[in-house]
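Subject: Structure handover

Hello,

Here is the structure for your files. My notes on what was found in it follow below.

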There are 2 protein chains.
Amino acid sequence: MILSALLTTVGINFALCLLFFTLYSVLRKQSVNAHVYAPRLVAEGKSPRSDFNLERFLPSASWVRKAWETSEDELLALSGLDGVVFMRIFIFSIKVFSFAMIIGFILLPINFLGNQLTMDYSDLPNKSLESFSISNVNDGSNRLWIHFSAAYIFTGFVCYLLYSELKYISSKRITCFHSSEPKIHQFTVLVRGIPVSSGISFSESVDNFFTLYYPSTYLSHVIVRRTSKLQKLISDADDLSKRLLHMKSTKYTGRKVDHLDRYEKKLETLVENVRMEQSLITGQEVPAAFVSFKSRFGAAIALHIKQGINPTEWNTEEAPEPQDVYWPFFSASFTKIWISKYVAIVACIVFTVLFFGPVLLVQSLTHLDQLETWFPFLKGILSMTFVSQVITGYLPSLILQLFQHYVPPTMILLSSIQGYIGHTHIEKSACYKILWFTIWTVFFANVLSGSILYQANVFLELKNIPSVLAIAVPGQAEFFIAYVVTTGWTSTSSELFQMINLIWNFFRRKILGREDDQLAVPSANYYSKIPKILLFGLLGITYLFLAPLILPFLLVYFCLGYIVFRNQLLTVYSPKHETNGKFWPIVHNSTICSLVLMHIIAIGIFGLKKIPLASGLMIPLPVMTLLFNNYCQRRFIPLFKSYPAECLIKKDRDDQSIMGATLPFFRQLKFEFEDPCALGDDLL
Amino acid sequence: MILSALLTTVGINFALCLLFFTLYSVLRKQSVNAHVYAPRLVAEGKSPRSDFNLERFLPSASWVRKAWETSEDELLALSGLDGVVFMRIFIFSIKVFSFAMIIGFILLPINFLGNQLTMDYSDLPNKSLESFSISNVNDGSNRLWIHFSAAYIFTGFVCYLLYSELKYISSKRITCFHSSEPKIHQFTVLVRGIPVSSGISFSESVDNFFTLYYPSTYLSHVIVRRTSKLQKLISDADDLSKRLLHMKSTKYTGRKVDHLDRYEKKLETLVENVRMEQSLITGQEVPAAFVSFKSRFGAAIALHIKQGINPTEWNTEEAPEPQDVYWPFFSASFTKIWISKYVAIVACIVFTVLFFGPVLLVQSLTHLDQLETWFPFLKGILSMTFVSQVITGYLPSLILQLFQHYVPPTMILLSSIQGYIGHTHIEKSACYKILWFTIWTVFFANVLSGSILYQANVFLELKNIPSVLAIAVPGQAEFFIAYVVTTGWTSTSSELFQMINLIWNFFRRKILGREDDQLAVPSANYYSKIPKILLFGLLGITYLFLAPLILPFLLVYFCLGYIVFRNQLLTVYSPKHETNGKFWPIVHNSTICSLVLMHIIAIGIFGLKKIPLASGLMIPLPVMTLLFNNYCQRRFIPLFKSYPAECLIKKDRDDQSIMGATLPFFRQLKFEFEDPCALGDDLL
């Protein structure tokens with residue numbers, strides 16, 4: 001790719017972004033789009049006025065100012081700690097890449113003044129982008145020591161930032177906990193593997209165990225029941241009743257009335273079945289229960305100390321918030337959970353490997369000549385300019401986007417199979433899976449293009465990894481610069497513009513003529529967004545000293561993202577469940593991995609560039625980075641896993657001094673964790 | 001090595017063993033040797049009679065019968081659970097290798113009937129041992145599938161045994177805990193990283209913290225004091241006073257009396273210094289304390305839940321038994337412990353690498369010709385048969401033994417630097433280090449003979465490991481068969497015979513004329529013995545289907561060891577501190593590693609033998625073994641780390657019902673954990 005081509009791409013995408021931003025600033029002011037652009041505000045009763053004035057049709061940047069001016073405390077109040085942590089990813093990245101830019105300013109001229117690639121200096125616009133990369137520095141040149149120092153200085157700076165972010169967010173986590181309202185799940189643990197005792201039910205067994213061993217703190221429990229059959233019946237009945245409602249609202253001729261009658265009868269039997277199942281359900285106890293205690297510290301004791309003599313029995317884990325429980329794959333057996341964990345891991349790997357199919361398909365589409373040799377009959381069609389442009393230009397990314405659309409739900413499914421019971425845990429685990437998937441299919445698949453077997457081989461020969469990566473990674477610099485500009489910038493502006501929702505909203509209003517009153521405020525789904533952002537972080541860190549030209553585009557991406565996502569958190573998304581900042585360790589780990597990857601590539605590069613001393617002196621850097629990470633893991637990560645005794649006891653006492661020994665929700669405890677299906681009050 | 005040479009080695013070593021056993025059976029009956037052969041019995045007042053009769057001078061096997069007949073419960077009463085676990089290593093190994101023998105009986109003829117090595121069948125005694133190994137099976141032969149099945153069946157059997165042993169020992173551990181006397185360390189945790197508060201001492205800080213958060217269970221605490229200077233002074237004074245005592249007991253001439261006077265003055269000033277230090281010591285508090293609770297469960301709560309908001313403060317860990325505390329390297333700071341952990345690991349690796357020096361020296365000694373070219377002036381001496389025999393035969397193993405003698409104390413030192421505070425923890429960690437060291441210097445150093453760099457290289461190319469090992473390991477079969485017979489058998493009989501102690505005892509009585517009344521009953525030092533036994537287990541497992549000829553010799557070793565060590569536990573060693581079976585997980589992990597190593601070699605061998613299908617079908621076996629291990633780690637290992645709540649609370653209540661709420665040692669608690677130096681009552 002030459003410089004002018006890059007500038008063209010940047011120009012087009014910049015124009016597209018500008019267009020989207022302008023359109024958004026106008027469209028968001030139209031009250032008909034409020035359900036698309038401000039569902040959160042609508043739900044809070046703060047929807048924009050619909051009075052006619054000229055200002056409504058003029059683009060303005062008022063939303064940018066609003067997003068910018070909102071303080072972190074306001075954001076905390078509106079979107080919870082997760083929202084704050086999400087935004088801190090952008091702040092952290094902006095800090096990192098601002099510093100990287102300074103380093104880049106020093107490295108760029110050094111790269112450009114090298115003459116390893118022997119090109120003339122006169123024709124700047126037609127210069128290959130490679131002349132700005134480390135490939136252009138002469139082999140064995142002493143200037144490479146500047147790159148060497150850059151790696152050390154940059155790593156030190158990033159580690160310092162990581163440390164201060166961990167410190168900041170973990171203290172924020174404790175503060176949030178202290179100021180939080182008492183919630184039932186803080187007093188509760190989920191117990192799995194209740195042993196079978198002859199003659200008594202699981203419920204009695206739980207009562208006996210906890211009244212025996214925790215007489216002063218045990219409060220009550222709710223046994224888990226197997227409801228999958230019931231769930232199926234209820235959802236069937238729900239569907240049917242909706243269809244009936246719809247049919248009744250339109251007019252009928254003879255045959256349709258027959259249909260109506262049949263449906264109504266079917267619904268009646270279904271409802272009867274549901275009632276029967278609900279009465280039967282008391283017998284279908286599962287050896288698992290939500291056990292509640294009188295204090296948070298009491299629950300923590302049951303959580304942190306192994307309960308039973310047999311470690312597969314009486315296993316305790318954190319209880320999720322009642323509305324956060326995800327039942328379908330619930331399993332109470334130790335061995336089953338253990339097995340499903342490995343099944344999920346294997347499935348995740350298989351899914352990643354299978355995904356290389358579409359990737360290869362896409363790669364073949366960009367090489368039309370190959371396609372022509374495979375399918376000779378396509379020759380006529382493919383020779384048309386327009387068709388070939390569509391196929392090579394838009395189709396590949398469309399296909400990839402389509403497939404990638406299914407990644408988050410698949411990973412959520414895998415994580416829920418794995419035995420996590422709360423949405424927050426599932427999402428955290430899915431976030432790790434999506435991150436692994438994204439890095440593998442975007443970064444490594446492009447860098448080590450070739451068969452999966454070849455890629456596996458690369459990683460089996462530990463010794464060769466640096467040199468293989470050092471050859472392959474710089475070669476893809478141009479691709480990834482384009483990737484940041486196209487995919488990165490566009491994804492941000494389309495996040496703002498919400499094209500699909502906008503069209504769907506228009507279609508529903510104009511064609512179907514429905515003014516839906518039921519407003520669904522979407523949740524931010526951080527788990528699917530964080531991996532994308534981290535991928536760009538990885539690109540920036542690995543290409544820092546290989547091709548510093550990527551840095552300004554990344555910085556623009558992060559600045560855009562900062563403004564756009566702040567705006568979205570304020571107006572569109574509303575928090576559904578709160579992990580209280582547990583997403584940050586993912587960001588931390590991903591950054592550490594990116595740094596180590598950068599070091600490995602550096603070791604290879606300096607070897608290739610014939611200064612083995614720099615290559616050898618590079619080795620301590622990943623070791624030190626991993627040691628730093630280990631220190632952080634012990635120093636801060638415990639705070640992200642559970643709250644310390646000091647916190648819990650303080651909070652317990654604060655509550656007691658305000659509300660007395662019996663907290664208000666202790667009385668309705670019984671209903672909090674009951675499966676909504678079993679209660680049966682939401683039916684029809 | 002040919003078969004007759006092997007038989008000669010076996011014959012010589014068998015005769016040696018027999019000699020040692022016979023000598024032992026006579027010498028042990030002489031009361032003058034009681035301090036060598038039955039210090040434990042002497043200490044218990046059960047020393048053998050010294051009346052003269054003929055039977056005293058006849059060899060007998062009565063000790064074998066006694067060792068054999070002792071039941072496991074008796075052993076438990078005498079040597080604690082650690083002794084039982086130690087003996088179970090032998091029982092486990094005997095079971096494993098008895099089964100392996102059956103497999104070996106099938107494999108031996110198959111190996112022998114192959115003709116890959118093309119030798120004639122007629123001359124059995126002169127046949128190379130290689131014709132009994134897998135190398136002799138024809139390439140691509142279908143008979144190799146028998147070896148393949150052997151690997152699967154053997155792994156299944158060993159895993160079954162491992163599972164049942166874990167089950168047995170973990171339940172034994174719980175039983176022992178239930179029947180144990182209440183001990184102060186069960187009620188105590190060690191707290192490190194007490195934060196500095198202005199105006200109050202660490203002691204007050206601890207009191208404030210625990211009375212605030214654990215008002216109902218907190219009992220008392222003992223602050224740790226820095227006493228290294230004091231320790232030095234006390235040990236100096238001790239030495240001096242002993243020397244004085246000795247001098248006084250002999251007669252003097254003029255000059256010696258001067259000496260005496262000078263020593264006495266020196267001692268006086270020393271004692272004064274000690275008293276001064278002791279009075280100063282209250283100021284030298286270290287931010288660490290032993291905190292005792294009113295119940296075991298109370299201590300467990302403080303142990304398992306993070307206490308402070310800052311994870312580097314208020315760190316709790318299990319308290320060792322008071323007599324088990326090892327002070328010299330005590331450190332209270334989180335960061336210091338974290339750093340010293342890595343220092344210890346690096347030191348351990350460096351020590352292993354440095355040890356290759358002596359190993360190479362030894363290897364050069366066995367190749368005299370090379371030595372002659374290096375040092376031409378030695379030619380004359382080396383050509384003498386006797387000298388050359390001594391140098392090639394005895395010197396190498398003597399040098400190695402000498403060096404290996406320093407391994408356990410070095411590893412103990414490293415583990416105590418690492419931040420462990422109790423002897424039991426130090427020994428457990430040292431056991432792992434010695435095991436790693438032994439396997440590396442004995443197994444890998446011999447298998448992958450060559451420079452350290454070459455060996456490191458082998459493990460960096462993951463893909464080539466199986467084939468490299470498959471070539472190298474079978475080549476050393478003969479060496480290791482000889483190793484089992486010489487080192488294994490001899491070490492067992494010398495353990496019984498205690499040559500050095502016997503000579504020292506004789507020397508002291510006859511030459512020095514001292515009848516020492518002070519009897520030191522030695523401790524069994526399992527941590528230095530277990531790695532040796534596990535090394536033989538590793539050899540047996542890896543050579544099972546490569547060279548089954550090793551199996552009978554191993555079985556003899558384990559049977560000898562079983563009898564000898566049972567006898568030693570009954571008569572010689574006395575338990576000093578009790579880990580309550582915590583050594584077993586080391587045995588378990590080592591066996592799993594041996595199995596996986598065997599599988600990796602099998603994958604390589606089947607590849608070399610040109611049946612790639614078997615090689616491929618072998619891959620699931622290590623995966624399944626590791627999965628099995630992971631299951632065991634979750635199913636049983638928690639029980640080896642700490643006792644579950646059920647146990648602790650039951651035990652607490654049992655105690656209370658017998659002894660009331662205040663246990664007898666609660667009153668003298670203050671003195672239990674105090675550093676003996678600081679008490680000052682043992683001086684002189």
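**Phe640 of chain B and its surroundings**

Apart from neighbours within four places in sequence, Phe640(B) is in contact with Ser170(B), Arg173(B), Gly581(B), Lys582(B), Trp584(B) and Pro585(B); two residues are in contact if their C-beta atoms, placed from the backbone, lie within 7 Å. The model is predicted: local features need pLDDT of at least 70, side-chain atom pairs count only at pLDDT 80 or more, and totals for chains, interfaces and linings use all residues. Residues are numbered from 1 along each chain as its sequence is written, while chains are lettered from A and ligands numbered from 1 in the order in which they are written.

Phe640(B) sits in helix H26 (residues 637-641) of chain B. Helices (H or I, at least four residues) and strands (E, at least two) are DSSP runs, numbered from the N terminus. Phe640(B) counts as partly exposed because it has 18 C-beta neighbours inside 10 Å. On this scale a residue is buried if 20 or more other C-beta atoms lie within 10 Å of its own, exposed if 12 or fewer, and partly exposed in between, with C-beta atoms placed from the backbone. Thr579(B) is 61 residues away from Phe640(B) in sequence, and the two are 9.6 Å apart in space, C-alpha to C-alpha.

**The two chains**

Chain A has 684 residues, of which 37% count as buried. Its secondary structure comes to 29 helices and four strands. Of the contacts in chain A with a separation of 6 or more, 81% are between residues 24 or more positions apart.

Where the chains meet, 31 residues of chain A are in contact with 31 residues of chain B. On the chain A side, the elements that give two or more residues are helices H10 (296-304), H11 (334-366), H25 (620-635), H26 (637-641) and H27 (645-659). By class, that side has 20 nonpolar, five polar and six charged residues. Here Ala, Val, Leu, Ile, Met, Phe, Trp, Tyr, Cys and Pro count as nonpolar, Asp, Glu, Lys and Arg as charged, and the others, Gly among them, as polar.

**Packing inside chain B**

Helix H5 (residues 72-113) and helix H21 (residues 526-543) of chain B pack at an angle of about 10°, and their axes are 11 Å apart. Axes are lines fitted to C-alpha atoms, for helices over the stretch in contact, and angles run from 0 to 180 degrees between N-to-C directions. H5(B) and H21(B) are therefore roughly parallel to each other; angles under 35 degrees count as roughly parallel, over 145 as roughly antiparallel, 65 to 115 as roughly perpendicular and the rest as oblique. From H5(B) the contact takes Asp82(B), Phe86(B), Ile89(B), Ser93(B), Phe97(B) and Ala100(B), and from H21(B) it takes Tyr526(B), Ile530(B), Ile533(B), Gly537(B) and Gly540(B). By class these are seven nonpolar, three polar and one charged residues.

The largest nonpolar core has 300 residues, and those with the most contacts inside it are Ala289(A), Ile550(A), Ala289(B), Val484(B) and Ile550(B). Such a core is a set of buried Ala, Val, Leu, Ile, Met, Phe, Trp, Tyr and Cys residues joined through C-beta atoms within 7 Å. Beyond its neighbours within four places in sequence, Val484(B) is in contact with Phe536(B), Leu539(B), Ile550(B), Phe553(B), Leu554(B) and Tyr557(B).

**Two loop residues**

Lys610(A) lies in the loop between helix H23 (584-608) and helix H24 (612-618) of chain A. Its phi is near 65°, a positive value in a residue other than glycine. Asn580(B), in the loop between helix H22 (550-571) and H23 of chain B, has a phi near 60°, also positive in a residue other than glycine. Asn580(B) counts as partly exposed, with 18 C-beta neighbours inside 10 Å.

Regards
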